[in-house]
Structures are given as C-alpha cells and as structure tokens.
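I opened a new page for this structure.

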Amino acid sequence: MRERMERILFTEETIQRRVKDIGKVISSDYQTAGAAKDIECRPLIAVCILQGAMMFMADLMRAIEIPVEYDFMSISSYGSSTSPGAVRLLQDLSHSITGRDVLIVEDIVDTGFTANYIKRGLLARNPASFRICTLLDKPFRREETIEMDYVGFFLEEDLFVVGYGMDYAGVYRNLSYIALLKPEYK
Ligand code: IMP
C-alpha cells in the first residue's frame with residue numbers, strides 16, 4: 001500500500017514513541033496527580049471510540065501502567081451541508097460509568113462535533129471524572145469548542161490522513177504509520 005501514499009506524516013517509530021509518552025503521563029496523572037476521583041478507587045475505564053481509535057487504544061493500553069478496564073462505543077458522523085455535525089450512536093457502552101473515572105480514546109478531533117456529542121452523552125451519566133485523549137488534533141478545523149486532556153500530535157494543515165486506525169472509505173486502517181493518500185486513490 002506504500003505506493004498509494006503521497007507522504008508519510010508520522011512513522012511507526014514516531015507514533016510508538018509518542019504513545020508510550022502519553023501512556024506514562026496518563027499513568028502518573030491517575031496514580032499520583034489527582035486525576036482519579038472515584039471515591040471507591042475502582043480502575044480507570046478507557047473508552048475506545050470505534051472504529052478509528054482501535055489501533056491507538058491497543059497500543060495506549062499497553063503503555064498505561066495502572067489498572068484499567070476497557071469499554072467500546074461506536075459513533076457515526078454523517079454530517080452534510082444541510083445537517084453539519086450530525087452524529088449518531090451506533091453502539092453504546094456495555095457497562096455503567098456512574099461514579100467511575102472515564103478516559104475517552106479518540107483517533108482524531110476535527111470539527112469537534114463527535115467529541116462533544118460523546119462528552120454530553122457521557123457526562124449525563126455522572127462519571128466521577130471525564131478526560132479525553134486523542135491521537136490527532138486538527139485545531140484550525142474546529143467548529144465546536146472542546147477541551148482535550150491528552151493530544152498525540154497536532155495537524156496544522158488541512159490534511160485528510162489515513163493509517164493507524166484511520167480510513168478513507170473504510171480502507172487503510174491497517175497501516176502502521178499515518179500518511180496522505182495520493183489523489184488518484186481518492
Ligand atoms: P469531527 O466530529 O469532525 O471532530 O470528526 C471526528 C471523526 O471524523 C474522527 O473520529 C474520524 O473518524 C473522522 N475524521 C476526521 N478527520 C479525518 C482524517 O483526516 N482522516 C480520517 N478520518 C477523519
């Protein structure tokens with residue numbers, strides 16, 4: 001698939017190094033820096049937003065050195081010019097998050113509609129704490145304000161990326177790096 005890529009933005013080595021760093025920061029925040037608020041001291045719940053965050057989640061969980069439970073949520077963004085930011089829940093969490101420490105694991109925050117939809121929905125369930133971790137952030141594309149607690153990389157240009165979980169028309173998620181697709185493959 002390498003020949004279909006215009007440019008590699010983040011190599012496998014760069015991604016793996018950054019993910020390990022974020023894992024260390026998250027571990028220390030929840031272990032000693034006061035991020036954990038669950039009065040029963042139960043493990044952190046990491047919520048993977050399917051499908052894009054699946055690779056990031058798998059590596060990040062191995063980089064986290066504190067007890068953690070997983071859950072999964074599937075969201076579809078079907079925004080158009082007539083209904084921008086329309087977001088739909090395809091699969092909800094399997095467990096209650098009330099009173100628990102929750103960490104959302106996202107692939108990329110673009111307009112911010114998806115992350116805000118998730119945040120509104122999950123805060124209504126009264127978690128003890130709520131944080132968001134995204135691998136990529138495109139701040140200049142933002143249409144709704146959303147604060148992120150952990151960001152892997154910022155994309156300062158208006159680029160559509162594929163790889164490491166992120167797709168174009170459902171494909172290229174299995175690349176171990178993040179790249180730009182050549183125009184003839186779009
Ligand atoms: P938002 O609601 O506009 O913030 O969009 C978030 C979702 O759009 C992400 O979780 C991705 O699934 C998708 N997305 C946004 N930008 C890209 C990209 O450059 N490549 C692949 N998917 C993207």
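My entries follow, starting with the ligand.

**Entry: the model.** I noted at the outset that this is a predicted model.

Entry: I looked up the residues around the ligand and found 15. D107, D110, T111, T114 and V161 come nearest. I then sorted the shell by class. It divides into 7 nonpolar, 3 polar and 5 charged residues.

Entry: Which atoms of K138 and the ligand lie 2.9 Å apart? I found a polar side-chain atom of K138 and an oxygen atom of the ligand. I went on to I108. Here a polar backbone atom is 3.4 Å from a ligand oxygen. At E106 I was back on a side chain, where an N or O atom is 3.5 Å from an oxygen atom of the ligand. Next I checked the cover. On its own the ligand has 490 Å² of accessible area, and the protein covers 84% of this.

**Entry: where the ligand sits.** I looked for its place among the pockets. The ligand sits in the largest pocket. I also asked which elements give two or more residues to the shell around the ligand. They are β5 (101-109) and α3 (113-123). The largest share of the shell comes from β5, with 4 residues.

**Entry: the largest pocket.** I noted about 980 Å³ of space in the largest pocket. I counted its lining at 37 residues. S77, D107, I108, T114 and D167 lie nearest the centre of this pocket. D107 and T114 were already on my list of residues that come nearest the ligand. By class, the lining of the largest pocket divides into 17 nonpolar, 11 polar and 9 charged residues.

**Entry: the second largest pocket.** I moved on to the second largest pocket. Its volume is about 170 Å³. I read its lining as Y30, Q31, A36, K37, D38, C41, R42, P43, L44, I66, P67 and D101. The classes here are 7 nonpolar, 1 polar and 4 charged.

**Entry: a cis peptide bond.** I turned to the backbone. Is the peptide bond from L50 to Q51 cis or trans? I found it cis, with omega near 0 degrees. I placed Q51 in the loop between β2 and α2 (54-63).

**Entry: a positive phi.** My last stop was Y164. Y164 is not a glycine, yet I read a positive phi of about 50 degrees there. Y164 has its place in the loop between β8 (161-162) and β9 (178-181).

Definitions and conventions
Residues numbered from 1 in each chain as written. Predicted model: local features only at pLDDT ≥ 70, side-chain atom pairs only at ≥ 80, totals over all residues. Heavy atoms only, no water. Near = heavy atom within 4 Å. Polar contact = N/O pair within 3.5 Å; in protein donor to acceptor, adjacent residues only side chain to side chain. Areas by Shrake-Rupley, 256 points an atom, 1.4 Å probe, with all protein chains shown as cover. 1 Å grid on protein atoms, 1.4 Å probe; cavity = no way out; pocket = protein on both sides within 12 Å on 5 of 7 lines; lining within 4 Å. Sits in = over half its atoms within 2 Å of the grid points. Nonpolar A, V, L, I, M, F, W, Y, C, P; charged D, E, K, R; others polar. Points joined across faces, edges and corners; volume = space filled by probe spheres on them.
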